[in-house]
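My notes follow in the order in which I worked.

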Amino acid sequence: MNKIQTSSGSAHFRPQARLGPGRRHRALIAAIGAAVLILGTLLIGLLLSPDNLSTRLEWRNLPPSLQHPFGTDWLGRDMFTRTLKGLALSVQVGLIAAACSTVIATALGLIAATMGRTADRIVAWLIDLFLSVPHLVTLILIAFVCGGGMRGIVIGVALTHWPSLARVIRAEVLQLRSAEFVQISRRLGQSRWQVATRHMLPHLLPQLLVGLLLLFPHAILHEAGVTFIGLGLSPHQPAIGIILSESMRYLSTGMWWLAVFPGLCLLIVVRAFDRAGESLRLLLDPRDPQS
């Protein structure tokens, strides 16, 4: 069943056609390809020697070549190494931040659906409050208050990206609450905590996994954006936001490779995460309205 959110906030469901074997096969191939691309980027970035990040003035401002596929910057540092290490760092930050945000969304979604109407109203108010404010602005404020750096970015992303997933989890738990096995568990004397953790949470794992993957692109892009304006990671770290911020002052001199290759790689990795999440959603939910 496909869930449709109306303007009044109520959820309606409509029947869906089954996902055909051809589309399922394509979704599986896309998910594997995206996972290989993401893991390959992460591993290459971690395994590359940091020696190419050292200053070598005799190699400065070199255009792309076989020796330096992405060229070099104004200090002679290899842009290929800087870009892949920056992507690896962004993936690590995105993983931690998205995981923390998923935990917050899961906890609040379960509380809203199992702890009574008062708790449900409070959680719904919090969701509406956070959704009403542009989360990039909230993220910048939180990162500034936390002093920036990796800690500020992780806390900011975790505290601003949970509302949409929490709303989905809350709707799923409300639907599970009326299931027969949940009603039987309550009649047998199990507490709300036991029902939520033993019976509801296992059914939410597919949604949580997909939600985690779909939070990744937002986390990476917002980490790069906040770092770009100077409130994110340290300038000494090879982060994509720092690379793009530093390259702005050299674009007018014709050094286009300083921004084009890092920005293009960032978009490819973000798109790979998005594609992996969508493909996994199709594989875990065999019904799809577009099939």
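I call a residue buried under 20% relative accessible area, exposed over 50%, and partly exposed in between, using a 1.4 Å probe and protein chains only. Before going further I note that this is a predicted model, where local features need pLDDT of at least 70, side-chain atom pairs count only at pLDDT 80 or more, and totals for chains, interfaces and linings use all residues. Residues are numbered from 1 along each chain as its sequence is written, and side-chain values use heavy atoms, with hydrogens and water left out.

Entry: overall make-up.
I took helices (H or I, at least four residues) and strands (E, at least two) as DSSP runs, numbered from the N terminus. I find 10 helices and 2 strands in the protein. Along the sequence the pattern reads β-β-α-α-α-α-α-α-α-α-α-α. The protein has 291 residues, and 43% of them are buried. For contact I used heavy atoms within 4.5 Å. Among contacts with a separation of 6 or more, 68% are between residues 24 or more positions apart.

Entry: salt bridges.
Side chains of opposite charge can pair when their charged atoms come close. My rule for a salt bridge is a side-chain nitrogen of Lys or Arg within 4 Å of a carboxyl oxygen of Asp or Glu. How many salt bridges does this rule give? The count comes to 6.

I looked at Asp73 next. Asp73 pairs with Arg77, with the closest N and O atoms 2.7 Å apart, and both residues are buried. Asp73 also forms a salt bridge with Arg82, at 3.2 Å between the closest N and O atoms. Arg82 has 3% relative accessibility and therefore counts as buried; Asp73, at 0%, counts as buried too.

Then I turned to Arg167 and Asp128, whose side chains meet in a salt bridge at 2.8 Å, N to O. This pair links distant parts of the chain, since Arg167 is in helix 6 (residues 163-177) and Asp128 in helix 3 (residues 117-132), 39 residues apart.

Entry: Ile127.
Ile127 lies in helix 3 and counts as buried because its relative accessibility is 3%. Which residues does Ile127 touch, not counting those up to four places away in sequence? I find Trp162, Pro163, Ala166 and Arg167. Ile127 and Arg167 are 40 residues apart in sequence, and their C-alpha atoms are 7.3 Å apart.

Entry: helix 9 against helix 10.
I fitted axes to C-alpha atoms, for helices over the stretch in contact, with angles from 0 to 180 degrees between N-to-C directions. The axes of helix 9 (residues 240-247) and helix 10 (residues 257-284) come within 9 Å and cross at roughly 150°. The two helices are therefore roughly antiparallel, a label I give to angles over 145 degrees, with under 35 as roughly parallel, 65 to 115 as roughly perpendicular and the rest as oblique. Helix 9 contributes Ile240, Ile243, Leu244 and Ser247 to the contact, and helix 10 contributes Leu258, Ala259, Pro262, Gly263 and Leu266.
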